Amino acid sequence: MEERHVIVTYRLDRATIQELCAQLEPDLMSAIRHPTGIPPLVQVLSVLYFLARGSFQTTVAIASGMSQPMFSNLLSRVLSVLLNHMRSYIVFHQVEDLPTVKGDFYALEHIPNIIGAIDGTHVALVPPAGVNRCTETGRVTIQ
């Protein structure tokens with residue numbers, strides 16, 4: 001598979017996928033209880049495809065060569081392992097750092113009030129039900 005196609009399919013490049021598999025493999029191997037278990041690479045690729053596409057479990061399971069219940073169990077297990085490693089991949093800025101972060105993003109593309117990015121994907125945020133407004137300090141008022 002060409003690198004461009006890997007990125008489109010899994011939203012990560014080949015090197016990052018290999019690095020992720022290497023980091024998660026010990027935890028995923030411990031979950032394999034019998035010789036017909038699904039290799040860690042297949043587990044990770046299946047879950048990445050599911051997350052990248054927002055597809056149905058059945059569709060991903062068929063494409064990965066497994067049943068939907070098997071994929072459902074695998075999805076739960078891989079997501080749990082990913083959560084254990086989350087702090088290695090996801091960083092949330094402290095409130096006091098936000099002015100600097102906003103300034104850095106503004107310096108890059110002249111777009112105001114940006115405090116983070118996810119692989120260049122625009123994510124519309126919708127406030128939870130009951131939230132009337134967001135104040136300048138980032139606090140919300142709730143009825």
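**Salt bridges and a helix crossing in the predicted model**

Arg 4 pairs with Glu 2 in a salt bridge, and their closest N and O atoms lie 3.5 Å apart. Both Arg 4 and Glu 2 are exposed. The structure is a predicted model, and the distances and accessibilities reported here are computed from it. Side chains of opposite charge can pair when their charged atoms come close. Under the criterion applied, a nitrogen to oxygen cut-off of within 4 Å, the count is two salt bridges.

The other pair is formed by the side chains of Arg 14 and Glu 3, with an N to O distance of 3.1 Å.

Two packed helices are described by the angle between their axes and the distance between the axes. Helix α2 spans residues 14-29, and helix α5 spans residues 68-84. Their axes come within 10 Å and cross at roughly 115°. Angles of 65 to 115 degrees count as roughly perpendicular, and α2 and α5 are therefore described as roughly perpendicular to each other. The crossing of α2 past α5 is right-handed. On the α2 side, the contact is made by Leu 20, Leu 24, Asp 27 and Leu 28. On the α5 side, Val 78, Val 81 and Leu 82 contribute. By class, six of the contact residues are nonpolar, none is polar and one is charged.

At the level of the whole protein, the secondary structure comprises six helices and two strands. Along the sequence, the order of elements is α-α-α-α-α-α-β-β. The protein has 143 residues, of which 20% are buried. Among contacts with a separation of 6 or more, 39% join residues 24 or more positions apart.

Note on methods
Residues numbered from 1 in each chain as written. Predicted model: local features only at pLDDT ≥ 70, side-chain atom pairs only at ≥ 80, totals over all residues. Heavy atoms only, no water. Axes fitted to C-alpha atoms, helices over the stretch in contact; angles between N-to-C directions. Helix = DSSP H or I, 4+ residues; strand = E, 2+ residues; numbered from the N terminus. Parallel < 35°, antiparallel > 145°, perpendicular 65-115°, else oblique. Left-handed = near helix turned anticlockwise from the far one by under 90°. Contact = heavy atoms within 4.5 Å. Nonpolar A, V, L, I, M, F, W, Y, C, P; charged D, E, K, R; others polar. Buried < 20%, exposed > 50% of the residue type's maximum accessible area, 1.4 Å probe, protein only.
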